[in-house]
Amino acid sequence: MSAFRVAGPGVPHQEPQAAPPHHRRRPSAQRQRAAGSQRWYTPWPYLLAPLALLVLFTYVPVADMFVYSLTDWDGLSPVRNFVGADNYVDLFTRPRFFQVLTVSLFYLAGSAVQMVVALYFATVLSFDIRLRNLFKGILFFPYLVNGVAIGFVFLYFFQPGGTLDTVLGAFGVEPRLWLGDPDLVNTSLAGVSVWRFMGLNLVLFIGAIQSIPPQLYEAASLDGASRWQQFRFIIAPSIKPIISLSAILAISGALSVFEIPFIMTGGSNNSETFVIQTIKFAFNFNKVGLASAAAVVLLAIVLLVTWLQRLLVPDERVEQS
């Protein structure tokens, strides 16, 4: 019998056909259980390589560092004597040990300025303006330059009679020892850090701002919202998680500053940071055990500050519609 019957002039109609028996079968409970048992381990083969690298290059060195902090190893001798918590007692009884953390306050203030400036430029460059890609490249370029090269460039920039003194001299400002004056050196070094790392925050903020649906801007424009109101009520709430991430990076970076002050001053003139002091313990005084204890303390401080920051400013899920 034909599968079609005429429902009207020249209009074919297809009879519904019964599905084959095997199509009507439902998977048995045993098959469902087998499929469910296979799902729990499916992602692990893909995670095996990154997890192995994370353990090998992060957690194993941290564990070794903690073991070294319990010894009197000098970094050269094959013998490491166990001294327990003596290195930690030595650190906490040194008056100068935690005084270097006050230097981090200059970099922390610089990080706050850096975030504000980066957020301003990210907001401006997210709107449709001319040559915005060129400005993005100019502002991001310092982050791509090697830190050693930046240190040497700014050594000439801050030297007596150098570029900065020449520019300020045109406005009647007398030359100063920007890297030789203990009252100015940390401010100068923090300014270099702001110039170098602002591009990283800029990219993070621009990426977050561009993920905001454009319909929100259109609706705000129809309601007569100004640029400031769009930033206050749309941009700032939407990128709050990225701002929180940048704050965490700023705090940890301020506590672990090393590259720029080490190259430009070597820690002299009251510019020694916590990490520079730790490096001196290890390589100048051959006290690797003591330096490892200092590194463990720094890691604990960073984790504690990060936990407090997340506790005081929790992440909120932002719904964009």
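Me: Which residues in H5 are buried?
Reply: In this predicted model, the buried residues of H5 are Val-103, Ser-104, Tyr-107, Gly-110, Ser-111, Gln-114, Met-115, Ala-118, Leu-119, Ala-122, Thr-123 and Leu-125. Buried means under 20% relative accessible area, exposed means over 50%, and partly exposed lies in between, with a 1.4 Å probe and protein chains only.

Me: What conventions apply to the numbering and the values?
Reply: Residues are numbered from 1 along each chain as its sequence is written, and side-chain values use heavy atoms, with hydrogens and water left out. Because the model is predicted, local features need pLDDT of at least 70 and side-chain atom pairs count only at pLDDT 80 or more, whereas totals for chains, interfaces and linings use all residues.

Me: How many residues does H5 have, and how far does it reach?
Reply: Helix H5 covers residues 103–126, which is 24 residues, and reaches 35 Å from its first C-alpha to its last. That is close to the 34 Å expected at 1.5 Å a residue, where the expected span is 1.5 Å times one less than the number of residues. Helices (H or I, at least four residues) and strands (E, at least two) are DSSP runs, numbered from the N terminus.

Me: Which helices do the buried residues of H5 pack against?
Reply: They pack against helix H6 (132–144), helix H9 (185–210), helix H11 (227–238), helix H12 (240–255) and helix H13 (259–264). Contact here means heavy atoms within 4.5 Å.

Me: Lys-136 next. Is it buried or exposed?
Reply: Lys-136, which lies in helix H6, is buried, with a relative accessible area of 17%. Not counting residues up to four places away in sequence, Lys-136 touches Leu-125, Leu-202, Ile-206 and Gln-210. Leu-125 is one of the buried residues of H5.

Me: How many salt bridges does the structure hold?
Reply: The structure holds three salt bridges, each defined as a side-chain nitrogen of Lys or Arg within 4 Å of a carboxyl oxygen of Asp or Glu. Side chains of opposite charge can pair when their charged atoms come close.

Me: Which parts of the chain does the Glu-259 and Arg-196 pair link?
Reply: The side chains of Glu-259 and Arg-196 meet at 2.6 Å, N to O. This pair links distant parts of the chain, with Glu-259 in helix H13 and Arg-196 in helix H9, 63 residues apart. Glu-259 is partly exposed at 30% relative accessible area, while Arg-196 is buried at 10%.

Me: And what about the other two?
Reply: Asp-90 and Arg-94 form a salt bridge at 3.3 Å, N to O. Asp-90 is partly exposed at 27% relative accessibility, and Arg-94 is partly exposed with a relative accessible area of 29%. Lys-280 forms a salt bridge with Glu-272, the closest N and O atoms being 3.0 Å apart. Lys-280 is partly exposed at 24%, whereas Glu-272 counts as buried at 9%.

Me: Changing topic: which residues form the nonpolar patch on the surface?
Reply: Trp-44, Leu-47, Leu-51, Leu-54, Val-55, Tyr-59 and Val-60 form it, with about 630 Å² of accessible area together. Patches are made of residues with over 30% relative accessible area and no salt bridge; like charges are joined within 9 Å, and nonpolar side chains (Val, Leu, Ile, Met, Phe, Trp, Tyr) within 5 Å. Accessible areas come from the Shrake-Rupley method with a 1.4 Å probe, and for residues only the protein chains shown count as cover.

Me: Where is Leu-51 found?
Reply: Leu-51 is found in helix H3, residues 44–68. Leu-51 is partly exposed, with a relative accessible area of 38%.

Me: What pLDDT does the protein average?
Reply: The average is 84, and 85% of the residues score at least 70; pLDDT is the predictor's confidence in each residue, from 0 to 100. Over residues 1–15 the pLDDT is below 50, and this stretch has 13 contacts in the model beyond near neighbours in sequence. Where pLDDT is low, the predicted coordinates should not be read in detail.
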